[in-house]
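Student: Could you take one part of this structure and go through it closely, with the cut-offs behind each term? I would like a single connected account.

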Amino acid sequence: GFPEAVVEVKGTHNPKFNVGALRQLAGWMDEANARENIVVKGIFLGNAARNDEPRTRGKLFEKNNEEYAVIKDVVILRAMDLFCLTILKRVGLLDVAALWKEIYACKGSFDAAKYWAALPQEFQFPKAAAIQQTSTEKQA
């Protein structure tokens, strides 16, 4: 297996998290280091801009905060990327062992682009025109 990990799960309506969210995770990691005398991986799972369409959301942190995550050996996962990974697992298209290797090797933002590309069409986010049309229909 893999070394132990500490996971922080957070959501916000703001477009990005502040560094305090990462510091809180780093604190939990330090506590595990001190209590158990082990090194742990930090996993931050975030849902920023939760009131916005998922396809319009960007990274969870500013660049300098991402650099802090790299220093602290924290991988940053977006909640919508977890959705993608879950669907791939459910439809039998995810190599779980390879995914965990990739997560444990990652420091900073996890790049899920190849997983989104593998997602079957029926689970892809709608294109901008389709979302715009749906919004217009609701207003009518």
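Tutor: Let us take helix H3, which has 12 residues and reaches 17 Å from its first C-alpha to its last, close to the 16 Å expected at 1.5 Å a residue (the expected span being 1.5 Å times one less than the number of residues). Helices (H or I, at least four residues) and strands (E, at least two) are DSSP runs, numbered from the N terminus. The model is a predicted one, in which local features need pLDDT of at least 70 and side-chain atom pairs count only at pLDDT 80 or more, while totals for chains, interfaces and linings use all residues. Residues are numbered from 1 along each chain as its sequence is written, and side-chain values use heavy atoms, with hydrogens and water left out.

Within H3, the residues Met 80, Asp 81, Cys 84, Leu 85, Ile 87 and Leu 88 are buried, where buried means under 20% relative accessible area, exposed over 50%, and partly exposed in between, with a 1.4 Å probe and protein chains only. Seen down the axis of H3, these buried residues fall within an arc of 160°, so they line one face of the helix; the arc is that of the directions from the helix axis to the C-beta atoms. They pack against strand E3 (74-78), H4 and helix H5 (113-118), contact here meaning heavy atoms within 4.5 Å. The face of H3 turned away from this buried side carries the exposed residues Lys 89 and Arg 90, and just after the helix, Gly 92 takes a positive phi of about 80°.

On a 1 Å grid over the protein atoms alone, a pocket is an open set of points where a 1.4 Å probe fits, with protein on both sides within 12 Å along at least five of seven lines, and lining residues have an atom within 4 Å of a point. About 220 Å³ of space lies in the largest pocket, the volume being the space filled by probe spheres set on the points, which are joined across faces, edges and corners. By class, its lining has 11 nonpolar, 1 polar and 1 charged residues, where Ala, Val, Leu, Ile, Met, Phe, Trp, Tyr, Cys and Pro count as nonpolar, Asp, Glu, Lys and Arg as charged, and the others, Gly among them, as polar.
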